[in-house]
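Dear colleague,

Please find below the structure that I am handing over to you. My findings follow it.

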Amino acid sequence: MRPVPPLAVAALLAGGLMSVTAAAPASAAGASAVTKEPFGTMPDGTKIDRYTLSSGHGMKVRVITFGGIVQSLEVPDRRGRPGNVALGFGTLDGYLSPTYRTENPYFGAIIGRYGNRIGDARFTLDGTTYPLTANDGKNTLHGGAKGFDQRVWKAEPVRGRDSAGLRLSYVSPDGEEGYPGTLRTTVTYTVTPKNELRIGYEATTDKATVVNLTNHTYFNLAGEGSGDIYDHRLQLGASKYTPVDSTLIPTGEIAPVQGTPLDFRKATAIGERIRDGHPQMVIGRGYDHNFVLDGGGPAARVTEPASGRVMEVRTTEPGIQFYSGNFLTGRLVGTSGRMYRQGDGFCLETQHYPDSPNKPNFPSTTLRPDETYRTTTTYAFSAR
Ligand code: BGC
């Protein structure tokens with residue numbers, strides 16, 4: 001039995017304006033809804049809003065206009081009890097604190113222009129070499145020093161027949177962080193009545209460039225702040241992965257997972273082989289790898305035995321970065337007032353492979369002015 005949402009409201013979305021209408025009857029599942037509230041002010045005075053997208057079936061996703069961050073993601077457990085399964089902070093200050101900015105784990109954020117790493121912070125396209133901001137040793141990571149995770153996005157609620165959506169947009173000027181072309185980006189979060197979070201990414205450019213957009217939510221299906229994720233069982237639709245060098249840049253090889261701790265073709269507890277001395281595990285301090293998706297089925301499925309929560313990931317992307325939260329240090333205190341230590345959350349970042357602009361054998365990340373970049377990823381939640 002599902003609990004009735006405490007205040008099931010239907011939001012009327014007209015011309016981007018929202019008005020809250022009637023409460024749904026207590027016996028029925030609620031209507032989908034979008035609501036908006038202030039979430040703080042940036043040091044330069046810019047106001048940040050928080051939008052709540054409700055499925056009407058127990059799922060609530062809260063997104064802030066700073067970084068397009070999924071600030072919380074509430075879904076029911078097997079007994080219908082809601083729990084926030086996304087790591088984050090209760091206030092804007094959490095995302096702006098010096099400790100957070102130094103560690104920069106990218107909680108919940110939209111990642112761009114290029115999710116993951118580009119080796120030596122440079123790439124060559126059509127004969128021109130573009131130097132990028134190096135923010136991860138000599139490499140560039142997740143868009144550079146000030147990526148899409150730190151931009152303020154324009155937000156517009158989107159009305160679906162029975163879904164709750166939010167369209168975020170940001171125009172990245174030509175040359176930002178070294179990337180060529182003005183990139184017009186929209187990211188649409190949609191919460192469906194089936195308790196899915198669908199993320200649609202779109203971008204256009206006025207000069208040839210490279211793009212690789214993703215979302216960096218850390219999940220803990222037992223609830224954020226509840227401890228490590230090592231009991232979660234993970235299944236990946238991937239029989240190959242891209243091995244990395246000591247700086248986490250792919251070597252260019254596409255290797256079978258067979259016989260390695262990276263073989264998740266059968267559901268396996270994340271912690272079962274996390275201390276395996278395989279050289280790839282040592283480099284990543286655990287899992288921090290791009291898996292090459294076989295296609296034809298879900299990219300990933302995660303189940304958490306205690307709560308019964310299940311998350312399934314589907315995507316149009318060819319790869320997925322499975323990151324087991326190895327660099328969380330215990331210095332950040334999250335939404336529920338508990339600290340996040342190593343392994344307290346995991347990311348499944350759908351993407352093109354890292355360093356694709358320098359790897360001709362990887363699927364291309366080039367976007368040209370006559371094209372539109374379009375990808376979709378769905379995180380579907382259930383409980384059993
Ligand atoms: C990367 C990690 C990195 C983390 C936080 C992940 O996507 O794969 O190597 O530490 O993001 O920056």
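How far from an oxygen atom of the ligand does a polar side-chain atom of aspartate 288 lie? The distance is 2.5 Å, which falls under the definition of a polar contact (a pair of N or O atoms within 3.5 Å).

Please note that this is a predicted model, in which local features need pLDDT of at least 70 and side-chain atom pairs count only at pLDDT 80 or more, whereas totals for chains, interfaces and linings use all residues. Residues are numbered from 1 along each chain as its sequence is written, and side-chain values use heavy atoms, with hydrogens and water left out.

For arginine 117, the distance from a side-chain N or O atom to a ligand oxygen is 2.9 Å; for glutamate 349, it is 2.7 Å. The protein covers 94% of the 310 Å² of accessible area that the ligand has on its own (Shrake-Rupley method, 1.4 Å probe).

Around the ligand there are 13 residues (each with a heavy atom within 4 Å of it). Those that come nearest are Arg117, His142, His216, Asp288 and Glu349. By class, this shell holds six nonpolar, four polar and three charged residues; Ala, Val, Leu, Ile, Met, Phe, Trp, Tyr, Cys and Pro count as nonpolar, Asp, Glu, Lys and Arg as charged, and the others, Gly among them, as polar.

The largest pocket

The ligand takes up the space of the largest pocket (more than half of its atoms lie within 2 Å of the grid points). On a 1 Å grid over the protein atoms alone, a pocket is an open set of points with protein on both sides within 12 Å along at least five of seven lines, a cavity is a set where a 1.4 Å probe fits but cannot get out, and lining residues have an atom within 4 Å of a point. The volume of this pocket is about 490 Å³ (the space filled by probe spheres set on the points). Its lining comprises 25 residues, with Asn104, Tyr106, Arg117, Leu141 and Phe327 nearest the centre. Helix H2 (98-103) and strand E26 (319-323) are the elements that give two or more residues to this lining (DSSP runs of at least four residues for helices and at least two for strands).

The cavity

One cavity of 30 Å³ or more was found in the whole structure. The largest cavity has a volume of about 40 Å³, and its lining includes Arg117 and Asp288. Strand E23 (residues 288-292) gives the most to that lining, with three residues.

Backbone features

Most peptide bonds are trans. Glycine 112 and arginine 113, however, are joined by a cis peptide bond, with omega about 0°. Arginine 113 lies in the loop between strands E8 (110-111) and E9 (117-118).

Yours sincerely

Note on methods
Polar contact = N/O pair within 3.5 Å; in protein donor to acceptor, adjacent residues only side chain to side chain.
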